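My notes follow the sequence and structure.

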Amino acid sequence: MEIKGVKNMSSIDMVKEVDKGGRFVLYTYCISIVVMTFKRPSAVYFLKSNESPVKHGWPFLLISTIFGWWGIPWGPVYTVQSIYKSFAGTDVTFEVVKSLTQTVEQQSKN
């Protein structure tokens, strides 16, 4: 799993940051080609407690705004959903922390 924004942080450091209010989010973006519309997730981003989710979401907002509308019938629907989620991101903190906790437990056993 690729997590952006955690360079040089150990699993333990990430869990400590989450305790301080940090969170893991992903964004969705939409690209349409006339009769086909693709809605895809981004990589997971780590946001510290004082970081705005829009900081990382604006590129996905831009992609969806420019390339998302053109598919019929789902282009406009998925584009609006993607733009909305670009402002807050989708919180996946629980899933990531669960995975990190399992990793830390496995490392401590070895």
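**Ground rules.** I am working from a predicted model, where local features need pLDDT of at least 70, side-chain atom pairs count only at pLDDT 80 or more, and totals for chains, interfaces and linings use all residues. Residues are numbered from 1 along each chain as its sequence is written, and side-chain values use heavy atoms, with hydrogens and water left out.

**Sheet.** I looked up the strand order first. I found 4 strands in an open sheet, ordered β1-β5-β2-β6, with mixed pairing. β1 (3–4) and β6 (90–91) are the edge strands; each has a single partner strand, so one side of each lacks a neighbour in the sheet. Strands and helices here are DSSP runs, numbered from the N terminus: E of at least two residues for strands, H or I of at least four for helices. Two strands pair if DSSP finds at least two bridges between them. I checked β2 (residues 23–26), which pairs with β6 in the antiparallel sense over 2 bridges. V25 stands opposite D91 in β6.

**Nonpolar patch.** Next I went to the surface. I noted a nonpolar patch of about 1100 Å² accessible area together, whose members include I31, V34, W58, I66 and F87. A patch takes residues with over 30% relative accessible area and no salt bridge, joining like charges within 9 Å and nonpolar side chains (Val, Leu, Ile, Met, Phe, Trp, Tyr) within 5 Å. A salt bridge puts a side-chain nitrogen of Lys or Arg within 4 Å of a carboxyl oxygen of Asp or Glu. Areas are Shrake-Rupley values with a 1.4 Å probe; for residues, only the protein chains shown count as cover. Which element gives the most to the nonpolar patch? I found α2, with 5 residues. I66 lies in helix α2.

**S32.** I placed S32 in strand β3. S32 is buried, at 8% relative accessibility (buried is under 20%, exposed over 50%, partly exposed in between). The S32 side chain makes a polar contact with the T37 side chain at 3.2 Å.

**Backbone.** I saw a cis peptide bond from I72 to P73, with omega near 5 degrees. P73 sits in the loop between α2 and α3 (74–88). N8 is not a glycine, yet has a positive phi of about 65 degrees. I logged N8 as exposed, at 75% relative accessible area. V34 also has a positive phi, near 45 degrees. V34 is in the loop between β3 and β4, and is exposed at 57%.

Terms used:
Buried means under 20% relative accessible area, exposed over 50%, partly exposed in between (1.4 Å probe, protein chains only). A polar contact is a pair of N or O atoms within 3.5 Å; within protein, one must be able to donate a hydrogen and the other to accept it, and residues adjacent in sequence count only if both atoms are side-chain atoms.
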